[in-house]
Amino acid sequence: MVFGTLFASADAAFAELLSSLMPEASVGAGPWRTLLFALGLAGALAAAHAAAAPVRWDGLTVRPGKPRGRAEWALPLIVLNLLFAAFITLQLVVLFGGYDKVRDVTGLSHAEYARQGFWQLLWATLLTLLVIALALRWAPRGGTGDRTLVRSVLGPLCVLTLVVVASALRRMDLYVDEYGLTRLRISVAAMELWLGVVLILILAAGVFGARFLPRAVAVSAAAGVLAFGLISPDGLIAEQNVQRFEDGRSTSIDIDYVKDLSADAVPALDRLPEPERSCALRFIQNDVLHDDTPWYATSWGEARAKEILEKRPVKGDGSDCYRVGREGTGDGYEPDDDGYDPY
Amino acid sequence: MSDQPSEASRPPERPGGADTPRPPEPPAAAEAAGTPAANEPGPSEARTAGATPADTARPSPAQASDGRRQRAQAAQQAGQPGSPWQHGAGAPAAKDDGMTARLRPPPPPLIRPAVLGSVLATALLSALFLSDGLGVNLLIVAVPASLAAFFAAQAAGRRLRPWTATWAVGGLALLAVPALRDAGWPTFLAVVSAFALGSLALHGSRSWPGVLIGSLGLFDSVVPGIIWGVRGYAHGPAVPGRTGAPPCAPRRWPSYCWWSSEPSSPARTPRSPNC
C-alpha cells in the first residue's frame, strides 16, 4: 500500500494504471457495497462452516420401493419395448425408401416429414427415463434370476431409447438446416443430447454397478453446462445463420432475431455485407461501446466485440433497417404453411 | 485430513443405525460415515487454490482409509443387535433420533485466525469487485473463499479426496464461463452449477438424495456459519500462547507451550491458562 502510493505519486503513467485497475469507490454505491460485503461474509462463513462440519446428506435415505412380482413388473415393460421397436423399424423402412407410401398416406413432403416430431420425441425420452426410474424402484429383488430379468428388460429399453434420441437429434438437425438456428433450438438439442448421455450412464450402471450413478449424472450435467457455455451458443447461432445466408440457402437473414443476440455473436455478424451488417450490429454496438464496465466485470466476448466494433463501427442510423431482412424465414414460419410450427 | 475427530465423537450405535437402511452398500456406509466433502456455498468455490497444498501434504490416503474401514467395522461389530447398548438404537422410537444423529455432524472446532482472515478477505473483495457485473471478478472472489474453506477443513482434520478435487476443479472451470462469454443464459447456468459443484465438494455426497440436496446444502450452513464466526471472533482465535478465553484445559502437552523453554514434564502445572 505504502509502496503503491509512493510509486503512484512518482510516475503519472503508473498512477493511471493503478487507478484503472482498482475499483472506484464512490460513496453513492455505499449501501450496495455494504450488502455485497455482508453477502460475501455470510457466504464465506457458510463455506468454511460446511467445510469444517458438513451435514451428512447421505444419511437421508429414501425407503426402498416394494418389489413387484416378475410377471407384473415385466409385462408392461416388454410391451413398451415392442412399441419402441416398432417405431424404430418404421423409421428405418421409411429411411430406406418406403417414402412414397408415406407421402400417399400423410400428404407431407419428404423434407417436412423428416423435420417434424422433435418435441414429441423429447417428451418420449423424458417419460422413458421416468419409467426406467420407477421400474428400478419397483423391480423384483429376489436373487440373480431377478437381476437378470431386470437387466434383460431394461437394457434393450435403454438402447431403443438411445435410438429414439438419435432420431430426434437428426430431425432437429434437418429442421435447423432449413430454418436456421435459434436459442431455443440449440438449448433443446443440448438437453436431448444430455438425456442421451444419462441413458448411456444408466446402461453402464447396469453393467458395472450403480454406486457411481448419482455422482456420474451430476458430473455429466456439470460437464454439459460447461461445454454449452464454452461453445458460445450465441456465436454458433450467428455463425450458422450467416453461413446459410452466404451459401444462398436462405434468401435473407433474419435481422430481427439476430440483432437481439449478445456480444458473442459479433465476430460472425461482422462478416455480413453492408446493409445487413449495420442493422444487425446496431443494438449490440450501443451496449458494448457505451457501457463503461471495468476490466474485472467484462467478459472476453464483450472485449473482443468492442475491439471489432471500434475498428469497423456501424454505418448509418438504422432508419432503413425495417426493410432489411423482413422476408426471412424467421422462426420457421412460412406463409404457405398451415401455420403449424412446433418450435 | 483424517476422520479421527469425527469418528471419536460419534455414539457407538451410529454405525449400526446407518447399516440397516442401506443394506446394499455396507462398505460404502462405513466410508460415508466419515465422508468429509467440503461444501462451498460461498460466492465461488475455487478450492484448487487451496487444494494443491493439501494434496502434497497428505501422501497416503489409502492406508488411512483402510484404518478407517477397520475402525468402522469394529464399531459395527460392537453395535450388533443383542449387545446391551445396541437396544436403544434398535427400538423404533429411537429412529428419528437416529436419523438426525446421522445427519448432524460433530460441531466444528473454534474458528482459526486464518479462516477469519480469509473470510474477511472474501467479504472485502466481493464488496469491491462484484458490484458491476460478472466477469473475472467471480474467480477473484473465489480464491479467498476457497482458502477459508480449506483452512477450516484442515482445522477440523478433514482430508482432500479425489472426488473433492474433481468437484473443486469443475467448479473453477465453470467459473471461467462468465469470464469468457457474454450471453446471459449460459452464464447464469454456469454460475448456478458452480455453486452446486462447490456445495458437492464440501459435502461429499454419494447417494441420490445426498447428491441432490448436497448441491443445495450450503443454505443450511449460513446461519450456523455466522454463529460460529461471531463466537470465534468474540472468544479470540484459538492460538496457543494468546491470552483470552482458554481454549483447552491445562493438560499434559508437549513442549510448544510458550511459557516454558524446555520440554514440559507431565506433572508441571502451567502458570498461565494459555494451554
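**Close-up views of chains A and B**

**View 1. The meeting of chain A and chain B, with a count of 0 salt bridges between them.** Welcome to this predicted model! What the two chains do share is polar contact: 16 residue pairs are found across the interface, both partners at pLDDT 80 or more. In terms of plain contact, 60 residues of chain A touch 90 residues of chain B.

**View 2. The area buried between chain A and chain B.** Together the two chains bury about 6,300 Å². Carbon and sulfur atoms account for 69% of that area. On the chain A side, look for A:R56, A:W57 and A:D58, the residues that lose the most area to chain B. These three together make up 13% of what that side buries.

**View 3. The side of chain A that touches chain B.** Four helices of chain A each supply at least two residues here: α3 (30–52), α10 (213–230), α11 (233–246) and α15 (300–311).

View 4. The largest share, 9 residues, comes from α11(B). Of the lining residues, 30 are nonpolar and 7 are polar, with no charged ones.

**View 5. A salt bridge within chain A, between A:E239 and A:R271.** Here the two side chains meet at 3.1 Å, N to O. A:E239 sits in helix α11 of chain A, while A:R271 belongs to the loop between α13 (266–269) and α14 (274–290) of chain A, so this pair ties together parts that are 32 residues apart in sequence. Over all chains, a search of the whole structure finds 8 salt bridges.

Note on methods. Residues numbered from 1 in each chain as written. Chains lettered and ligands numbered in written order. Predicted model: local features only at pLDDT ≥ 70, side-chain atom pairs only at ≥ 80, totals over all residues. Heavy atoms only, no water. Contact = heavy atoms within 4.5 Å. Buried area = accessible area lost by both parts, 1.4 Å probe. Salt bridge = Lys/Arg side-chain N within 4 Å of Asp/Glu carboxyl O. Polar contact = N/O pair within 3.5 Å; in protein donor to acceptor, adjacent residues only side chain to side chain. Nonpolar A, V, L, I, M, F, W, Y, C, P; charged D, E, K, R; others polar.
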